[in-house]
Amino acid sequence: MKISLSGISSLSSAEDSKIERVKILILGSGPAGLAAALYAARADTNPVVLAGMELGGQVSLTYTVENYPGFPDGIGGQELVELFQKQAERFGARIDFDLATEVNLSERPFLVKAYSKSYLADTLIVATGATPNHLNVPGEKELTGKGVSYCATCDGWFFKDKDVLVVGGGDSALEESIFLTRYAKSVTVVHRRDTLRAGAILQKRAKEEPKISFIYNTVVTEIIGEEAVRQVRLKNVQSGEEWLKDTDGVFIFIGHSPNTQLFEGQLEMDAAHYLVIDHLMQTNVPGVFAAGEAADPHFRQVITSAGMGAAAAMRAIHYLQEHSAEKVSA
Ligand code: NAP
């Protein structure tokens, strides 16, 4: 394939003035994006990170990260992100607080439009992360922010001495339940099966915590309240029995979906819309790499995302070297 890195001709001059040419553009500022920025910056490629909705992504909402090596006493999620950012910026990475709205990966350089400007990128690293799943039950949408939450770190404080319910049986549900015991009077975990999915250490900790209790084989079918959550309707999935339970809050931790809508029809995805990459972080479009939760349904850890980000940056640097303008036009 003949590749030109010299610019595309289909842009008007007005559009041109709001377009910046970059060697490596990174979409997303979670651990994957910021680790990619660090590696790309240290290779003198002046990478630009489009930070997205929230600098740091999901980890910035995590109270404590206890499994990132180098921090034996744990570190706050927000603090960790700030350190990632500082380290990447020290070597010349730039972070733009903007959100990509449109991409065109059919021509090189790749065109990425954001709200305030556009970019022409020789290589792209997609590190757009994932978003918490919703239950999709009546009352959930209406009462979000009024007692329904997807982030204990953000909202736990509002439930001081209150009774809260946590939906889910994975690591997130138990980790956040334990965190909520700082504030709440009681935390009831509602799980749809009789076995928790969470790892053994978290299970042990949660089961030993006196404020936490469990309701198994049960789902939430409705969240009830006007100005604030008052009750949930629960249903035992085995007996079909339904009942109402009073609660002041409902925290939902039932997994995530990748933020890959922008690439629909352009990048190959699996059935759950995670980007498909090879072992070198390469998507189906040469020059477009992906890292972190947008391409990882399995591990979803700060360390694995950061590792993927570093790997994607190394491959992007390699791609730039291989496809320098002289080489491809020769
Ligand atoms: P997860 O492991 O996918 O667990 C989701 C939980 O929600 C499961 O228990 C699932 O039930 C339940 N669920 C899914 N859809 C549901 C629905 N519609 N209604 C009711 N329940 C529903 O998600 P996660 O807990 O967010 O963890 C994701 C990944 O991040 C995992 O790999 C996890 O190890 C990792 N993580 C690690 C840590 C840590 O190491 N400290 C912390 C957080 C997350 P079933 O079990 O029946 O499927």
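I began with the covered residues of α2: Pro31, Ala32, Gly33, Leu34, Ala35, Ala36, Ala37, Leu38, Ala40 and Ala41 are buried. The model is a predicted one.

I then took the helix as a whole. Ten of the twelve residues of α2 are buried, so I noted the helix as mostly covered under the cut-off of under 20% relative accessible area. I checked its span next. α2 covers residues 31-42 and reaches 17 Å from its first C-alpha to its last. That is close to the 16 Å expected at 1.5 Å a residue.

What do the buried residues of α2 pack against? I found strands β1 (19-27), β2 (48-50), β5 (94-96) and β8 (118-126). Helices α3 (77-90) and α7 (302-322) are also partners.

I looked past the end of the helix. Asp44 follows α2, and its phi is positive, near 60°.

I moved on to the sheet. Five strands make an open sheet, in the order β10-β17-β11-β12-β13, with parallel pairing.

Strands β11 (residues 163-167) and β17 (residues 249-252) run parallel and are joined by four bridges. Within this pair, Leu165 stands opposite Val250 of β17.

Last, I looked up α5. Helix α5 (residues 171-180) packs on the sheet and touches β11, β12 (186-190), β13 and β17. Its direction makes about 170° with that of β11.

How values were computed: Residues numbered from 1 in each chain as written. Predicted model: local features only at pLDDT ≥ 70, side-chain atom pairs only at ≥ 80, totals over all residues. Heavy atoms only, no water. Pairing = 2+ DSSP bridges. Helix = DSSP H or I, 4+ residues; strand = E, 2+ residues; numbered from the N terminus. Contact = heavy atoms within 4.5 Å. Axes fitted to C-alpha atoms, helices over the stretch in contact; angles between N-to-C directions. Expected span 1.5 Å × (residues − 1). Buried < 20%, exposed > 50% of the residue type's maximum accessible area, 1.4 Å probe, protein only.
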